[in-house]
Structure formats: C-alpha cells, structure tokens
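Look over the sequence and the fold first.

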Amino acid sequence: MQHTILKSICNFSTPSDKEWQDRAEKSLKGKTVEEALYTKTDEDIMLKPLYRKKDRDRLLHKNTMPGQFPHIRGMRTAPQRWNVTQSIWERTPKRANEEIKEGLQKGQHAIRIRWNDTVTKRKGMNHQPSASGVLVTDVADMVTLLQGIDLETTPLHLETGADPLPLFAMWTSALDIIGVSSPRGSVAADPLGNWLVAGHLPAPVDTCFDHAAQAASWCRDNHIPVQTMLVSSEPYHNGGASAVEELAYSMACATTYVRELHKRGITIEDSAASLLFRFSAGSNFFMELAKFRAARALWSNILQAFGMEEEKRVMTLHGITSSRTKTALDPYVNILRAATEAFAAAAGGADDVEVTPFDAAFQRPSTFAKRIARNTQTILQEEAFIGSTIDPAGGSYYVEQLTHELAEKAWELFQDIEADGGMIQSLLSGKPQELIKNKRQLKEKQIDKQKRVLVGANKYPNVDEKPISAFPETDEQEVLAYITAKTDKQQNAKSGCHVQTVEEAEKAVQGGALLHQLTSSQSGPSITPVTALRESEKFEKLRQQAQAYQEQHEKPLSALLVTLGSLAEHKARADFSAAFLQTGGFHVQQTGGVKSVEEAVHKAVSSTESIVVLCGQDAAYDKLAAGIVEKIKAKAPEKTILLAGKTGKEQEAVLTEKGLAGMIYRGANVYETLSWLQRAKGAVIQ
C-alpha cells in the first residue's frame, strides 16, 4: 500500500542534464552554470552543483559493502561506536593522572598523552617547560602518570617521537611495576613525521627504525596488543597541505614503515598491524569526510600490492580536529568548528576521535573547555546517533564521486613519491616541503582576500569581544617543585647510557636513568622543516598591534566613514567598510548622509580620526569625490583618504593625483591594506 502511494506521488519525469542546465542558466543572469556554480578546490578537484546516479555508476567499487575490499565503506560489517579519545594537557604527572581519571569518569573512552616540549626534545630540566603537556623525567614519573588506571580495558596512546627506545622503555618498565600484563592502545614512533616538523632527527634514520623494530618485536614476543608505529597526517595538514598531500604523504610514510620493519625481521602482516593512522579533520566537511574514506581505500590497495590476504588488510584510523583552523579571536566559534570536524571524522569511519578544546590555541585548556570537547562527541554519539550507522555517507552520489577523485589524485602523487625512491628520499630532496609551501601560500592568499572566511578573525569581527573567562587552574607551584626535585636528581646523574636494545634501556631505566640520558649520541640528517600554520595568526597579530597602540597612546586606532547621500545610497558600502576596518582593530565612526563637498570636507577635517573613508554610490563619486579629496588634503594633509569600492582606472588616476591613498573593495587584499594602514599610524609590534 505504501509503495503504491509513494509511486503515485513520485510519478514524474526526471529532467536531463541539459534541461536542468538550461533552467539553471535562466536564473543566473547571463552567466553559465560552469562560471557561477562550479567550484575548484585546493585539491584541484572541480565540484559540480549537481551529482546524479550516473556519476556513481561509473565508479569501480560502487557495489562494495562495509568490510569488503577496498574498505571505502569501513573495516567492520556492523555498526560500532568510535572511542571518545581526549588528550591530557596537565604538566605534572600527578595532576595528569587526576585529569585522566576525571575524563574517564565523565564519558571519555581512550587517553592520549600530550608530552611537554622538554620530553619530546629530551632536554632534561635545562629548559623551561612549555605551557602544557605532561612532564616525564624517569620511570617513577611514568608510574605516577599511569597509577590506578585500568590499562587493560582503557586504550592509552603514547607517542614516543622519532626514536622510540627511551619512552618505550619507560612505559614497559612502568607496566612491570604497576602489574599490567595486557595493555591496550599504542606506544608509537613516527620518525618521518617528527623529522619533517623538527628538520632533524635525534638519531640516524636507521637507528630510529632499528629501535622501532625492536619495540614491535618486544610487543610481539610478549603478546602485548599495542601498535608501535604512528602515521600522522598532522605535520602535513598543519603545514598547509591539501587533502591530496595529506593522503599521499601519509601512505608513503606508512609504506616506508612497513618496508623498514620488514627489513628488520618483522613480517609484512605484523608490520602493517603495528601501524596506527591519525588524520586531522579540517573545516571542509565533505572533503574531510571523503578523506577518511579514501584513506582506507588507498591503504587497502597498498596492502594488496604487498601481497597480503584480504582478511588481513587492516587499518586503525584515528581522527583529530584540526589545529590549523582554530583562532584566538572570537574563540567560542572554535566549538562550532570542532563539532563539524568531529562529525566529518566520525561519519568518515574513524575508530577513535579526539576533539581539541576550543582554547588550546592560546592557553593550557581549562576544565570547562575540556568538558565541552568531551561532550561534543557525546552528543554526536548519544543524540545524533552517528555511530549507529556504518558509512552514513555511503551511496551519496556526491560523496562517492568526491572520495573516488580524491583517492585517484592522492594515488598519483603517491606513485610519484615511490618513483623518486620513497618518502625518505623525497624529504631529503625537499619536494614535499615545496609542494606544501605552495599550498600554504595559496591558503594565505585566500585568507588575506577573505575568499576563505575565518569568522571573527578575517571577517565578521566581534568588535565588542571580551577576553574569555575560562582559565586553566594554576599549576605553577607544582611545576616549580617538580623542576626543583628533578634538577637535583639530574645534577647527580651520570652523563649518558647509550642503550641499543629494549632490554638495555629497561635495565638503565630501572636503575634510575633519566629520559634524556637514553638519547642517542649521534643525530640524524637535517631537512627543510615544515612549520605549523594557524590560519588566523596574521589577523590576530593585527588585532594585537591595534590593542598595543591603544594602550600606548590611550586612544584606539580609528577611522571616519564620510557617507554620501541617503541611507539607502551609502549603507552597503559603509557597512562593508566598517567590517573591513574593524577586522584590523580600527574603531569606526560614521557621519550622517552628506549632500555637498563642503559638508563632507567640514566633517572630515573637524574629526579627530586620521583615516577618512568616502562611502557612497558611483554616481556620488563622479559628482563629489574629486572635490572632497582635494579640499581635505589642502586643509588636513595628514589625513589618509580612502574610497569604498573600485572605480575605473581613469577616475582612480584623477583621485590619486588629488590625494586619494587607496580603495577598499571586495577582492582586495584585506591583510595587506590593514597592515599598511597600521604601519602608517605607527601601530607595529617590534
């Protein structure tokens, strides 16, 4: 009965592509569908306004099911919720342990330890620790960190850096002391990712892989089900890469890791199973969702090329919200960004998802921010039911086609890397760094011109923004006490241990060796590093400079909008100009609608603002602009005069000759214009 009713309701003809296009172009006022509705992405993929069944029908794996090769639709054959994973940000081991226990009580399923810089750089207590991240110096610290946590049911993810041996031995020794026999999670090294970020390695490349193979062998021999190699896309993503580069470079790293472990006696199956993949989820929702689906397809194809049986082609895939997209300006917007990014990772089939707290861009996250991050995932699971469906985007003509195109482009780049000798040779040559640099510059230009919008930063600024009121609890006394105690221990310690095996490292650790003592005496080769990008940083600096100017001069940077004609005639350009200038921290005043040259000049000259912006329609500019500019400059030559909108070249030349400093308009380089205005007014942070 229902089928009959639906059939009668839906009994209409389906228009052809040409019919749809003809109708669409009638509403586009002379533009073609291609000109108005097609969008080219950073991945060089052309997005169409409409996808149809025939787009999906052309795809090679259109009829595969979840659990089937090439695993685009997931590794599992039944719905399964992802693990709510959150990082630990506290600094002392005791406080970090308390943070872990609190998170597990409040809905967290898995733990990721974020190490302090002094740990990752193995510098001992000779350097001031960074603002967040756990401090670990010896095995006693590791025991304190992990004490009282059920590590046999709670996945714990530790990153051991490029050379895994020191932290791996700290972890194994702590397990022995605590009495844990079958921990879950990962204790994983990412030599190439760390190399790219730092530009150098703490040990020769071969030594890093030797130690990684030893860690994998130790886990295999002791039947410890943890992963020991990390393939993270974060160095590429945070450096400015597009989804294509993220996928290709991650797959190239993973392939290198499997080969290097296999060279050292680990089977292909065990090597592949030892890998944990982590991908950043950015703000382009459908592209990011497709990225997680494409990653599984690419890895399945690579494992097939290694000769692995289909049932053994596994991939553990974690998602983490992007740090590149977060801003210190209007930071509560970060909550919305993170929710969308987590949704993309979860819908893309991530096994674990981590939501970074909204304030992590500028401080050690507060308890409030960590709670919001945790609850974002709880809502996605418990209220949105994202984890109740396998591959929720599966069957979408758009998503299926996007996944296919993304995977194809990433596979092509991956093959180029392989043809050049693999990822190690590529990094030494600098090709990935150069391509990421180009992509980064493209993004920066888009942001500078507001073609890529960062709400609250480069567009729609919150001019009444107040500092956030959620601050992390102070830990200065605990950290000072920790540093004092560890400094005394460090001064009494031997110079170094130079361990070569897990057993030697464990013996040294259990004998009281400090983490930095286990570091190799030889360093690895240097390459061009890729530094992390936060897309809003340049505009944040503009606002900081404006604030510094206001504090120094006891008055804000300001501008006067001289509005020409009635409200209807000047409102559009006045609103645009106000938002444009406020993005750079300028306070904006506005006249009422002026009718004559004399009135406009009087209001401009009598104002205290040194920047004057004429706002009106083109007809008003033709009639009044030249006279206004000329007379303002005659009476107040120190004033900087701008025009809202873009005039023709002839009129621009005339106005410039009379003293016009520039124009602000859609498509202008907002950052360069605001930087120039700030420099002209002396607002520059040295």
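Which residues lie nearest the centre of the largest cavity? They are Arg76, Gln80, Gly349, Ile390 and Asp391, from a lining of 23 residues. This is a predicted model: local features need pLDDT of at least 70, side-chain atom pairs count only at pLDDT 80 or more, and totals for chains, interfaces and linings use all residues. Residues are numbered from 1 along each chain as its sequence is written, and side-chain values use heavy atoms, without hydrogens or water.

**Cavities**
- The structure holds five cavities of 30 Å³ or more (a cavity is a set of points on a 1 Å grid over the protein atoms alone where a 1.4 Å probe fits but cannot get out; lining residues have an atom within 4 Å of a point).
- The largest cavity has about 230 Å³ of space (a volume is the space filled by probe spheres set on the points, which are joined across faces, edges and corners).
- Its lining divides into 12 nonpolar, six polar and five charged residues (Ala, Val, Leu, Ile, Met, Phe, Trp, Tyr, Cys and Pro count as nonpolar; Asp, Glu, Lys and Arg as charged; the others, Gly among them, as polar).

**Strand 9**
- Five of the six residues in strand 9 (residues 316-321) are buried (under 20% relative accessible area, 1.4 Å probe, protein chains only).
- Strand 9 pairs in the parallel sense with strand 8 (residues 275-281) over six bridges.
- Its parallel pairing with strand 10 (residues 352-354) runs over three bridges.
- Histidine 318 has aspartate 352 in strand 10 as its bridge partner.

Terms used
On a 1 Å grid over the protein atoms alone, a cavity is a set of points where a 1.4 Å probe fits but cannot get out, and a pocket is an open set with protein on both sides within 12 Å along at least five of seven lines; lining residues have an atom within 4 Å of a point. Buried means under 20% relative accessible area, exposed over 50%, partly exposed in between (1.4 Å probe, protein chains only). Helices (H or I, at least four residues) and strands (E, at least two) are DSSP runs, numbered from the N terminus. Two strands pair if DSSP finds at least two bridges between them.
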